[in-house]
Amino acid sequence: MGAVGSGPVSAAGVAEGARPEEAVVPAEGARPEVAAGAADGAPLAADGVPADGDPPVAGTVVGVVGPTAAGKSALSIALAHALDGEVVNADSMQLYRGMDIGTAKLTIGERAGVPHHLLDIWPVTEPASVAEYQRLARAAIDDILARGRVPLLVGGSGLYLRAVLERFEFPGTDPVLRQRLEAELAQAGPAALHERLRAVDPDAAANILPGNGRRIVRALEVIELTGAPFAAALPDPRPYYRSVQVGVDLDTTQLDERIALRVDRMWADGLVAETRVLADQGLAAGRTASRALGYQQVLRFLAGELTEAEAYQETIRATRRFVRRQRSWFRRDPRITWLDSAGAGLVAEALRVVRPAAR
């Protein structure tokens, strides 16, 4: 699913400056595994199935991944038609109602009759929870498989994809403890809390930016709750579903050009007006949605912090930076078969990869 706007999580939250379909990519300077701390919410599994159990329905999930603007949406529609499939959204910002233009959310017509799941499920004030997304996505996948169809998990939010496809649990949260730590953050600032984190868990501190207050708070919360160091890496991959993954990408020059064209189209289609409407619905107060690329910059324009021209240019620059981080995340995974999305035979190549596994 293509769009400009979101970020990732490791055992928590969503990466700063993330994009809609990318809400799971490491923040700049951080390793993907610890990009966002631990996801909010108690350990969850699909529909009550223990995390170490088997999925309720056997079958194969087809993953379509890659950076923003690389062509995931178009490929997923073609694959869905060829495989009798349905799309499950793995773009963290497309989960939000009303965030359409800035996330390049496909219109009903553009979906070409392919059922899409997990779009428009949360208000913009809802904080993202990878654990809750895992529960909802697995329920959708199990339903698709039970009906004899092929689920296509599509997006650029790397941790969201991993949380669904792999055996993955999340540390819990304590509202009272969280409130105390957030109050300390507001009073003392992130640097002071980062020093505290460095004293109790140097590895976690080394991988969380000193200015990223939310992730610092989450790391301290997990340490206090568990009495153990904050998880410095995601667990080793252990499949929950059988899956096959294809990644689409372009060379950097082509992708940079696509990003600029996409942002230009976003502005022409009314991103500023859309952001004004969402601002009236509480977008600026949304801990996750307000960070979406494009919306983040327009909110600053509406607040008088940037001119509209500056917001436009910053959206292009921030999206290009974000794409570099997305690539770093996905390219670490040897299970992904990479395809050139500019190639004339893209769909045929993708089918050669996924069809044998999806039977």
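**Note on the predicted model**

1. Start at D91. Its side chain reaches the backbone nitrogen of M93 at 3.0 Å. D91 lies in the loop between β2 (85-89) and β3 (116-117). Relative accessibility of D91 is 0%, so D91 counts as buried. Keep in mind that this is a predicted model.

2. Overall make-up. The chain has 359 residues, and buried residues make up 57% of them. It holds 12 helices and 6 strands. Its accessible surface comes to about 13700 Å², and carbon and sulfur atoms account for 53% of that. Take the contacts between residues at least 6 apart in sequence: 78% of them join residues at least 24 apart.

3. The main core. The largest nonpolar core has 78 residues. Within it, V62, L79, M99, Y133 and L153 touch the most other members. Helix α2 (residues 130-146) gives the most to this core, contributing 8 residues. There is also a second, separate core of 14 residues, with L181, L197, I208 and V222 among them.

4. Y133 deserves a look of its own. Set aside its neighbours within four places in sequence. Y133 is then in contact with N89, A90, L95, L118, L153, Y160 and V164. One of these partners, L153, is listed with Y133 among the core residues that touch the most other members.

5. Helix α3 (residues 158-165) comes next. Is this helix enclosed or open? Of its 8 residues, 8 are buried, so α3 is largely enclosed by the rest of the structure.

6. D100 and K105. Their side chains also form a salt bridge, again 3.0 Å from N to O. D100 is partly exposed, with a relative accessible area of 32%. K105 counts as buried, at 8%.

7. Which residue does E182 pair with? The partner is R287, and the salt bridge between their side chains is 3.3 Å from N to O. The pair links distant parts of the chain, 105 residues apart. E182 sits in helix α4 (residues 175-188). R287 is in the loop between α9 (271-280) and α10 (295-302). E182 is partly exposed at 34% relative accessibility, and R287 is partly exposed at 31%.

8. Salt bridges in total. How many are there? The count comes to 24. Some join into a network, which links D84, E86, D143, R147 and R149.

Notes. Residues are numbered from 1 along each chain as its sequence is written. This is a predicted model: local features need pLDDT of at least 70, side-chain atom pairs count only at pLDDT 80 or more; totals for chains, interfaces and linings use all residues. Side-chain values use heavy atoms; hydrogens and water are left out. Helices (H or I, at least four residues) and strands (E, at least two) are DSSP runs, numbered from the N terminus. Buried means under 20% relative accessible area, exposed over 50%, partly exposed in between (1.4 Å probe, protein chains only). A polar contact is a pair of N or O atoms within 3.5 Å; within protein, one must be able to donate a hydrogen and the other to accept it, and residues adjacent in sequence count only if both atoms are side-chain atoms. A nonpolar core is a set of buried Ala, Val, Leu, Ile, Met, Phe, Trp, Tyr and Cys residues joined through side-chain atoms within 4.5 Å. Contact means heavy atoms within 4.5 Å. Accessible areas come from the Shrake-Rupley method with a 1.4 Å probe; for residues, only the protein chains shown count as cover. A salt bridge is a side-chain nitrogen of Lys or Arg within 4 Å of a carboxyl oxygen of Asp or Glu.
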